[in-house]
Amino acid sequence: FAGFFRDWEWKRLPSALRQLGFSFVAETSVGAWHVSHATAEFMQKNPGGAHIASSCPAVVSYIERYRMERTKDLVPVFSPMLAHAKLLKERLGKNSQILFIGPCVAKKAEAERPEHAGLIDCVLTFSELLEWFELDNITLSQQEESDFDEQPQPGARYYPLLGGCMRAASLSASLLDPNVLSVSGFRKIQSALTLDETGEISLIEPLFCSEGCVGGPAIPGDGNPYDRRGKVLHYATEHPGKPATEIVPTGLFTTRFHAHSADDGIPISEEEIRLELEKTGKLDPENRLNCGACGYNTCREKAIAAIRGLAEAEMCLPYMRRLAESRTDRIIDSSPNGIILLDEHLRILSMNAAFHKMFMCSDAILGKHISYLMDPDPFEKVAAGQDLLETVVEHKQYNRVCSQKIYRIPEDNQVAGIFANITEEREREAQLSRLRAETSLQASELLEHQTQMAQTLARFLGENTARGEALVEKLLRLAKE
């Protein structure tokens, strides 16, 4: 934990765990010290041969399934997690419930092995622990400092690092020791397991993750294994632990390992392998890259695993790349926009179906300069350094108006163009403009007509009014006379 949390958080972590409800909080390095001494004792009683430390459950599982001939070389001792659980059950009672927290996902499977039943009730990763803290609104900055309920013995806190097993047992942890080989990482472990068992190496200490447990997959935050290694070294140096007050019989931590092939025992025919290779385009031996990206050494091994249900076609990186490229091609081919790709000399490399239809051309013009089809000026500007050019161009010879996006593909030294046919839109806009103009003209004519009519009515009304006034005056005068 010292490699994953900051130094000011080290003494706050026990308080946070107690706030979650735990009554006893201790470091698993307590169990690591006993495992180291049990391993050293086994080596002394069984000299000769290259023994393999069995603390890493991922390594144990790999050897049991794929290197079955080396199962007998595994030191028959519990891992630190199991040894610590055994000690806690003895101390706190058999009904106590034990939860392990660490950076390792393989511990989950280790806890579920039938021979380990009743020791571990739950395994959480550090990432899952932080999620739990968040759910319960627990922050380490608000916790008080406190100690763990148990202190490990000197040297035990080096255990999650390369050479830590031997260091905890007060044996040589030097990387130059010819009798001990400490390795991390799958490829290095594979190489170490091929060494002659009768050689001078007496112990192989393998840790599956890079640089040991500090390179575990379920880690919170950023950082690299070397940074976390330095933090663990600092913590182990500043907190050396306390001497053991009692000697626990090493026989308490003895276990057994069993070889069981990953194969299901069902024979696989060459025809089945051929069909599986054909699915991923590996039927031709030249296409079998044996790159190892899928986790298997060869394409044939991966095909066999897929037949047994242990692998999937999608685990093949070259296959997925080809699949993605073919999907991309289908998307481009089915696009309603015309798409064209040019080389650095503006020669046509490829076109999609929409471009063919839009500019009435075929693949016969591949290799010709873009000027064969249209004005090359936009493409020349982009090729000269402009990143993106967006224009609307009328291609009169094709009776087309296109919205064009021309851009560079620097990594391939190519120029691409995307053409959207907006001819109908422009025609609709022109029709709308004509309609607007006609409507405006008719409205003006109507207004003028109404104005003239009003003026005419006003003139007639004025004339009639004047004539009526004259008649009334004449009648009044006659009546007066």
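# Reading helices, sheets and cores

Reader: Let's start with strand 6 and strand 7. How many residues lie between them, and what do the two strands form?

Author: Strand 6 and strand 7 form a hairpin, with five residues between them. In that turn, Leu346 has a positive phi of about 65°. Helices (H or I, at least four residues) and strands (E, at least two) are DSSP runs numbered from the N terminus. One caveat before we go on: this is a predicted model, where local features need pLDDT of at least 70, side-chain atom pairs count only at pLDDT 80 or more, and totals for chains, interfaces and linings use all residues. Residues are numbered from 1 along each chain as its sequence is written, and side-chain values use heavy atoms, leaving out hydrogens and water.

Reader: How many bridges join strand 6 to strand 7, and in which sense do they run?

Author: Strands of a sheet pair through backbone hydrogen bonds, either parallel or antiparallel. Here, strand 6 and strand 7 (residues 348-351) run antiparallel and are joined by three bridges; two strands count as paired if DSSP finds at least two bridges between them. Ile340 has Met351 as its bridge partner in strand 7, and Leu341 stands opposite Ser350. Now look at strand 10 (residues 414-421): five bridges join it to strand 6, again antiparallel, with Ala416 opposite Leu341.

Reader: Which strands make up the parallel open sheet?

Author: That open sheet has three strands in the order 1-5-4. Its edge strands are strand 1 (51-52) and strand 4 (180-184), and each pairs on one side only. Strand 1 meets strand 5 (residues 203-207) over two bridges, and His51 stands opposite Leu203 there.

Reader: On to helices. Why call helix 2 largely enclosed?

Author: Because twelve of its 17 residues are buried, helix 2 is largely enclosed by the rest of the structure. Among the buried ones are Trp33, His34 and Met43. The buried residues of helix 2 pack against strand 1, helix 4, helix 7 and strand 5. You can check the length too: at 1.5 Å a residue (times one less than the number of residues), helix 2 should span 24 Å, and its end C-alpha atoms are 24 Å apart, which agrees.

Reader: At what angle do helix 2 and helix 4 pack?

Author: At about 105°, with axes 7 Å apart. Axes are lines fitted to C-alpha atoms, for helices over the stretch in contact, and angles run from 0 to 180 degrees between N-to-C directions. That makes helix 2 roughly perpendicular to helix 4 (65 to 115 degrees; under 35 is roughly parallel, over 145 roughly antiparallel, the rest oblique). The contact (heavy atoms within 4.5 Å) is made by Val30, Gly31, Ala32, His34 and Val35 of helix 2 and Pro80, Ala83, His84 and Leu87 of helix 4.

Reader: What do the buried residues of helix 4 pack against?

Author: Against helix 2, strand 2 (99-102), helix 5 (106-111) and strand 3 (122-125). Helix 4 has 13 residues and reaches 18 Å from its first C-alpha to its last, close to the 18 Å expected. Gly93, with a positive phi near 110°, follows helix 4.

Reader: Which residues touch the most other members of the largest nonpolar core?

Author: In soluble globular proteins, nonpolar side chains tend to be buried together. A nonpolar core is a set of buried Ala, Val, Leu, Ile, Met, Phe, Trp, Tyr and Cys residues joined through side-chain atoms within 4.5 Å. The largest one here has 28 residues, and Met81 and Ile120 touch the most other members. Helix 2 (29-45), helix 4 (80-92) and helix 7 (164-168) each supply at least two residues, with the largest share, six residues, coming from helix 4. Not counting residues up to four places away in sequence, Ile120 touches Met81, Leu82, Ala85, Ile98 and Ala111. A second, separate core of 21 residues includes Ile340, Leu346, Met351 and Phe355.

How values were computed: Buried < 20%, exposed > 50% of the residue type's maximum accessible area, 1.4 Å probe, protein only.
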